[in-house]
Amino acid sequence: MLDSILFTDATGFIYTQQDGHYAGNAANDEDGASSDATEGHDDEDEIYEGEYQGVPAYNDGKPREGQVALGQPVSDSLKSRKELENERQADEEELAQQYELIMQECGHGRFQWQLFFVLGLALMSDGVEVFVVGFVLPSAETDMCVPNSGAGWLGSIVYLGMMFGAFFWGGLSDKVGRRQCLLISMSVNGFFAFLSSFVQGYSMFLFCRMVSGFGIGGAVPIVFSYFAEVLAREKRGEHLSWLCMFWMIGGIYASAMAWAIIPHYGWSFSMGSAYQFHSWRVFVVVCALPCVSAVVALTFMPESPRFYLEMGKHDEAWMVLKQIHDTNMRARGEPERVFTVNRIKIPKQLDELVEMQNESANPVLKIWLTFMRCFNYPVKDNTVKLAAVWFTLSFGYYGLSVWFPDVIKHLQADEYASRVKIHNDERIEDFTFNFTLENQIHRNGVFLNDRFISMKFKAVTFINSSFLNCYFEDVSSVGSFFKNCTFVDSFLYNTDIDDSKLINSSLINSSFHHNKTGCQMTFDDDYSAYWVYFVNFLGTLAVLPGNIVSALLMDKIGRLSMLGGSMVLSGISCFFLWFGTSESMMIFMLCLYNGLSISAWNSLDVVTTELYPTDRRGTGFGFCNAMCKLAAVLGNLIFGSLVGITKAIPILLASSVLVGGGLVGLRLPDTRANVLM
């Protein structure tokens, strides 16, 4: 880098940088141009090094309207719209270069690491939200007696909430600020996630999880925009990639908490028969803790200084930049080092009167207008390509993420069914069953004067069997049915045997007393629950090597090479699914796929952040992330419907979209050397 950098702006103000410091001098400053942030004046009004001079005035000694004074620049009112836009573009480019130099002077240190962990908690909450859906789905639907027609809505409606949330909060962050929007969106997520653990009705539970998803939808677009705006160019790719690790940590946290809490149904209480608080609800509360922690920590962090500059709030931006500089210098043991930036470039504001009139306009309208600007030159092509890459990567990832566990469950079910015990034409008299019957089929059996006391039927089916003078007390049944059976002179007390389990069966002089009401949570000692959480834990942990590699190589081999290469390799790895004929092989394939695809996610986050200018960064990122969640919904529906039917369609579909998306990603512009516009 040159020892001295010098450039001027439209005001005649001169910026110099020597040995990492800024100094400035401006002619003809008005007295009123000083900022409230100014400090350090002595009795003779001398200016100390590092003193902020406020916003420089553009038109010192400007002529009256309609006149052009000799030697003075032409008034804005006499310029065409195109000329004004060109001037603003030049000002923005100059500001981007100056801001990069300022961030280099501020250094990378304690402030960035503090913000790193705070924003990491927010990103961790997004990862937790995704995994919570899959973990609580079976328990929530069983606990709330959800019919088969309503099953599966929870997963889709949460992703739909996240889709609309990403677009809304991302766009709003370009208008009211990164920190403020993130605080509000995370608060919405935390409140409704906590509330959802207490509601009893499935419809209300769906509503709470949808609004919770709407809140957390803003996390990804705002977190990456916020953090990128306090990083110098040479640090941006690596540290944004390290930030992605918190999504993985969120998945590990959710898997570990699910394994530790959900299967332990003793962790529950009830208030009568109307209110039940089972262990899966405890899990939902625990999963809201990262979000609450992020909200508390965010209250101590400042707004993005780059956003302040874009909004014309230069005094506030200078104060935040000085805070960053001073925090890092104190951590380095150099508290005496002065922040030497005196003035910051002012982009020309177009249509200021219109902007002021629109201050109270509908925020949704503002977001929509900003969104439409994402399809203007020169970012139009980038928006279309990014949306395609986000959609294809998400469709393949979330589709296979649903397909893998369901295929493993299907293999488990086939293996479980192969071990079924079949009893034909048996006759049992005067016997007491006080133990669990599991995975059995009883055909044409006769049970005479038998007692079924404090026992469980688990995956047991009785076909054409007779129960004569039998006594049932405190009996629970899971996946068990009585088909074409006859109950004669039998007495059933405190059981969960009801009409749904008595298929074409008849009751003769038999009665039910104090039947268990509601859907019973009777999955104690259920090995499959532990297995599902363990598989998800392994799949999430498998991305750790990919996270490390992508962070270390992001600035060395480039974002696009990593994006395209990772997606193509992920697509190729799908063909190995042909050999997935066992649980262990499918788990290995899941880990391999997750490990290869994570580099694509990390590089896509970095590229999306760097391709959009500051005034559209949140909106553009939010739109791309909304396309990601839309693809997740479609992937869940399409891949989920193919489980147990065929392998060919999921494999070919996932491979084609991933390879196609990777090739599109390679056509994006390289952003490695870009400064943030």
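Predicted model: local features only at pLDDT ≥ 70, side-chain atom pairs only at ≥ 80, totals over all residues.
Colleague: Are helices α7 and α16 roughly parallel or roughly antiparallel to each other?

Modeller: The axes of α7 (residues 233–261) and α16 (residues 544–557) come within 7 Å and cross at roughly 170°. Angles over 145 degrees count as roughly antiparallel. The two helices, α7 and α16, are therefore roughly antiparallel.

Colleague: How many nonpolar residues does the contact of α7 with α16 have?

Modeller: From α7, the contributors include Trp242, Cys244, Met245 and Met248. From α16, they include Leu544, Ile548, Ala551, Leu552 and Met554. The contact also has four polar and three charged residues, and its nonpolar residues number nine.

Colleague: Where is Asp430 placed, and what is its phi?

Modeller: Asp430 lies in the loop between β7 (427–429) and β8 (432–433). Most residues other than glycine have a negative phi. Asp430 is a residue other than glycine, yet its phi is positive, near 50°.

Colleague: In which strand is Ala459 found?

Modeller: Ala459 is not a glycine, although its phi is positive, at about 55°. The strand that holds Ala459 spans residues 451–463 and is β11.

Definitions and conventions:
Residues numbered from 1 in each chain as written. Heavy atoms only, no water. Axes fitted to C-alpha atoms, helices over the stretch in contact; angles between N-to-C directions. Helix = DSSP H or I, 4+ residues; strand = E, 2+ residues; numbered from the N terminus. Parallel < 35°, antiparallel > 145°, perpendicular 65-115°, else oblique. Contact = heavy atoms within 4.5 Å. Nonpolar A, V, L, I, M, F, W, Y, C, P; charged D, E, K, R; others polar.
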